[in-house]
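Reader: I have just opened this one and have not looked at it before. Could you walk me through it while I ask things as they come up?

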Amino acid sequence: MASGEKNRLGKSICAGFPLKTKHPPVRAEAVHAFGEIPEEVMRHAMVVPDSVTVRSAHQFVAVLRAKLEEDQDVDLDLSSLAEVDLAFIEIIYSARGQWARAGRDLRLTQPASGAVAALLQRAGFLTDLTPPDIEFWFHGELPQ
C-alpha cells in the first residue's frame, strides 16, 4: 500500500503499517523565558502498535523515520503496547538521538508502565538512568 492509503477499516496506512492516532496533529506553543512566543511547532500524536518486537521492528522504524523526515515532533502513546522486546528499547534510544540531532522533540504521552517499564527493569536500564532518561521514560519520577 502506498502512503496516504486507507486500510479496510478506514485507518491511514504508512509504509504498510497502520498509523493509529487518538488525536489529529496539534499546534504546540511554548513561551520563551522572556515571554516571546516562538514559531508554532507541529506535534503528531502516534499510538504505538500493540506489539513491537524484533519481528515487527522494521515497520515501526519505517513509521518513525517518516515522521522525522516530515519534520514533526512526535508524542508516542504506549498505552496499546503489550508485547515488547529489546528491539523496541533500542529503536527508541536511537530515535531520541536522531530527533535531538535534527532539533526535534520525541517524547512519551505518559510515563512508561506495564510491559515497557518491566522490560526496562529486566534489561538493567533502570540502574544508571541519566536525568534526561528519567524525564523521557518516566516524566521525571522513577517508578517505585
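Reader: Which exposed residues sit on the face of H3 turned away from its buried side?
Author: Bearing in mind that this is a predicted model, that face of H3 carries the exposed residues Gly114, Gln121 and Arg122.

Reader: And which residues of H3 are buried?
Author: In helix H3, which runs over residues 114-122, the buried ones are Val116, Ala117, Leu119 and Leu120. They are on the same side of H3, because the arc they cover around the axis is only 160°.

Reader: What follows H3?
Author: Gly124 follows H3, and the phi of Gly124 is positive, with a value near 85°.

Reader: Okay, you mentioned H2 and H4. At what angle do their axes cross?
Author: The axes of helix H2 (residues 86-101) and helix H4 (residues 131-138) cross at roughly 115°, and they come within 13 Å. The crossing of H2 and H4 is right-handed.

Reader: Which residues meet there?
Author: From H2 there are Phe88, Ile89, Ile92, Tyr93 and Arg96, and in H4 they meet Pro132, Asp133, Phe136 and Trp137. Sorted by class, this contact of H2 with H4 has seven nonpolar residues and two charged ones, with no polar residues.

Reader: Switching to H1, how many residues does it have?
Author: Helix H1 covers residues 57-69 and has 13 residues. From its first C-alpha to its last, H1 reaches 18 Å, which is close to the 18 Å expected at 1.5 Å a residue.

Reader: Which of the residues in H1 are buried?
Author: The buried residues of H1 are Ala57, Phe60, Val63, Leu64, Ala66, Lys67 and Leu68, so a lysine is on that list as well.

Reader: And what comes after that helix?
Author: H1 is followed by Asp71, and the phi of Asp71 is positive, near 60°.

Reader: Let me step back to the whole chain: how many helices and strands are there?
Author: The secondary structure of the protein chain comes to four helices and eight strands. Read along the sequence, they follow the pattern β-β-β-β-β-α-β-β-α-β-α-α.

Reader: What share of the chain counts as buried?
Author: Of the 144 residues of the protein chain, 38% count as buried.

Reader: And how much of the contact comes from residues 24 or more positions apart?
Author: Taking the contacts in the protein chain with a separation of 6 or more, residues 24 or more positions apart account for 69% of them.

Conventions. Residues are numbered from 1 along each chain as its sequence is written. This is a predicted model: local features need pLDDT of at least 70, side-chain atom pairs count only at pLDDT 80 or more; totals for chains, interfaces and linings use all residues. Side-chain values use heavy atoms; hydrogens and water are left out. Helices (H or I, at least four residues) and strands (E, at least two) are DSSP runs, numbered from the N terminus. The expected span of a helix is 1.5 Å times one less than its number of residues. Buried means under 20% relative accessible area, exposed over 50%, partly exposed in between (1.4 Å probe, protein chains only). Axes are lines fitted to C-alpha atoms, for helices over the stretch in contact, and angles run from 0 to 180 degrees between N-to-C directions. A crossing is left-handed if the near helix is turned anticlockwise from the far one by less than a right angle, and right-handed if clockwise. Contact means heavy atoms within 4.5 Å. Ala, Val, Leu, Ile, Met, Phe, Trp, Tyr, Cys and Pro count as nonpolar, Asp, Glu, Lys and Arg as charged, and the others, Gly among them, as polar. The arc is that of the directions from the helix axis to the C-beta atoms.
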